[in-house]
Structures are given as C-alpha cells and as structure tokens.
Amino acid sequence: MSILQRNCAVLLVVVAAACVELYQAQTPIGRCACPKVQPVKGKISDFQVLEKRASCEKTELIVTRINSDNSTQKLCMFTEGVRAKRLLSCWESINKNETRKMECIDRPKMAGNGTTEK
C-alpha cells in the first residue's frame with residue numbers, strides 16, 4: 001500500500017508542476033503594462049515604446065523622469081498629449097532605432113514665435 005501512496009504523491013507533484021508551467025507560459029490577454037497613464041512633466045532621461053500586441057490593444061509609452069532630487073522614476077505617459085505625440089513621432093522618424101533615442105529626448109520643441117526653447 002505504501003508504494004501506491006508514494007506513486008500517487010509523485011503523480012500529484014508532476015501534475016502540479018505541469019499546471020504551474022502552463023499557468024506561467026500563458027500570455028495574459030488584455031493586460032497592458034500601463035494600467036494607469038498620466039501627463040508627465042519634467043526632464044526625461046529615457047523612454048520605451050510598447051507597440052500594440054496580442055496582450056494589449058494600444059501603444060504604450062513608458063518614460064524615465066528625473067526628479068528634483070536626481071532620483072529617477074518610471075511613469076506611463078498619456079499618449080494623447082503633445083509631448084507624448086512628439087516623442088512617438090520622433091520614434092517613428094528614427095525608424096525605432098534604440099541607439100538614436102536620445103535624439104527624441106534632446107530635440108528642442110518649437111515655440112510659438114519660431115524660436116526654439118528647451
């Protein structure tokens with residue numbers, strides 16, 4: 001009887017391990033990296049664009065903001081804002097080249113009088 005109990009225990013462990021592997025391998029449908037977005041003010045040191053994909057039906061923009069105490073904070077930026085649209089447009093114009101991302105961050109914006117401002 002103890003051999004039967006041991007075999008059942010081994011079988012349960014194998015089935016449990018298989019269930020865990022299957023659960024972890026699933027792509028969460030409808031899950032986006034940015035459940036909450038916001039307009040981001042301040043200096044940005046980096047950004048990441050997450051294109052539409054099977055698990056999220058919208059383009060997401062994650063930026064790294066430099067805070068006043070020089071700490072950094074990753075935030076999900078509202079993609080319909082002027083600043084986000086400018087970043088995304090630049091990202092497209094550099095053909096999504098990771099090595100050229102700083103061009104989009106450092107690009108001066110055009111002021112109303114035709115001059116540039118930082």
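Figure 1. The side chains of Asn67 and Arg65 are joined by a polar contact of 3.2 Å. A polar contact is a pair of N or O atoms within 3.5 Å; within protein, one must be able to donate a hydrogen and the other to accept it, and residues adjacent in sequence count only if both atoms are side-chain atoms. Helices (H or I, at least four residues) and strands (E, at least two) are DSSP runs numbered from the N terminus. The model is predicted, and local features need pLDDT of at least 70, side-chain atom pairs count only at pLDDT 80 or more, and totals for chains, interfaces and linings use all residues. Residues are numbered from 1 along each chain as its sequence is written, and side-chain values use heavy atoms, with hydrogens and water left out.

**Figure 2. The hairpin of β2 and β3, with Asn70 in its turn.** Five residues lie between the two strands of this hairpin. β2 and β3 pair in the antiparallel sense over six bridges; two strands pair if DSSP finds at least two bridges between them. Across this pairing, Thr64 stands opposite Lys74 in β3. Asn70, in the loop between β2 and β3, has a phi near 70°, a positive value in a residue other than glycine. The relative accessible area of Asn70 is 66%, so this residue is exposed. Here buried means under 20% relative accessible area, exposed over 50%, and partly exposed in between (1.4 Å probe, protein chains only).

**Figure 3. The open sheet of three strands, in the order β1-β2-β3.** The pairing in this sheet is antiparallel. β1 (43-50) and β3 (72-77) are the edge strands, each of which pairs on one side only. On average, and with direction ignored, neighbouring strands of the sheet are turned by 25° against each other. Axes are lines fitted to C-alpha atoms, for helices over the stretch in contact, and angles run from 0 to 180 degrees between N-to-C directions. Strand β2 (residues 60-66) is joined to β1 by seven bridges, and the two run antiparallel. Lys43 has Ile66 as its bridge partner in β2, while Gln48 stands opposite Ile62 in that strand. Five of the seven residues of β2 are buried, so this strand is largely enclosed by the rest of the structure.

Figure 4. Not counting residues up to four places away in sequence, Leu87 touches Ile44, Phe47, Leu61, Val63, Met77, Cys104 and Ile105. Leu87 and Phe47 are 40 residues apart in sequence, and their C-alpha atoms are 8.7 Å apart in space.

**Figure 5. The aromatic pair of Phe47 and Trp91, with Lys101 over the ring of Phe47.** Rings of Phe, Tyr and Trp (its six-membered ring) pair if their centres lie within 6.5 Å; planes under 30 degrees apart count as stacked, over 60 as edge-to-face and the rest as tilted. By this rule the count comes to one aromatic pair. The ring centres of Phe47 and Trp91 are 5.6 Å apart and the planes stand at 85°, so the pair is edge-to-face. Phe47 lies in strand β1 and Trp91 in helix α2, so the pair ties together parts that are 44 residues apart in sequence. Phe47 counts as buried at 1% relative accessibility, and Trp91 is buried with a relative accessible area of 5%. The charged end of Lys101 sits over the ring of Phe47, 5.4 Å from its centre; a charge sits over a ring if NZ of Lys or CZ of Arg is within 6 Å of the ring centre and within 35 degrees of the ring normal.

**Figure 6. Asn95 in the loop between α2 and α3 (101-106).** Although Asn95 is not a glycine, its phi is positive, at about 60°. Asn95 counts as exposed at 65% relative accessibility.

Definitions and conventions. Contact = heavy atoms within 4.5 Å.
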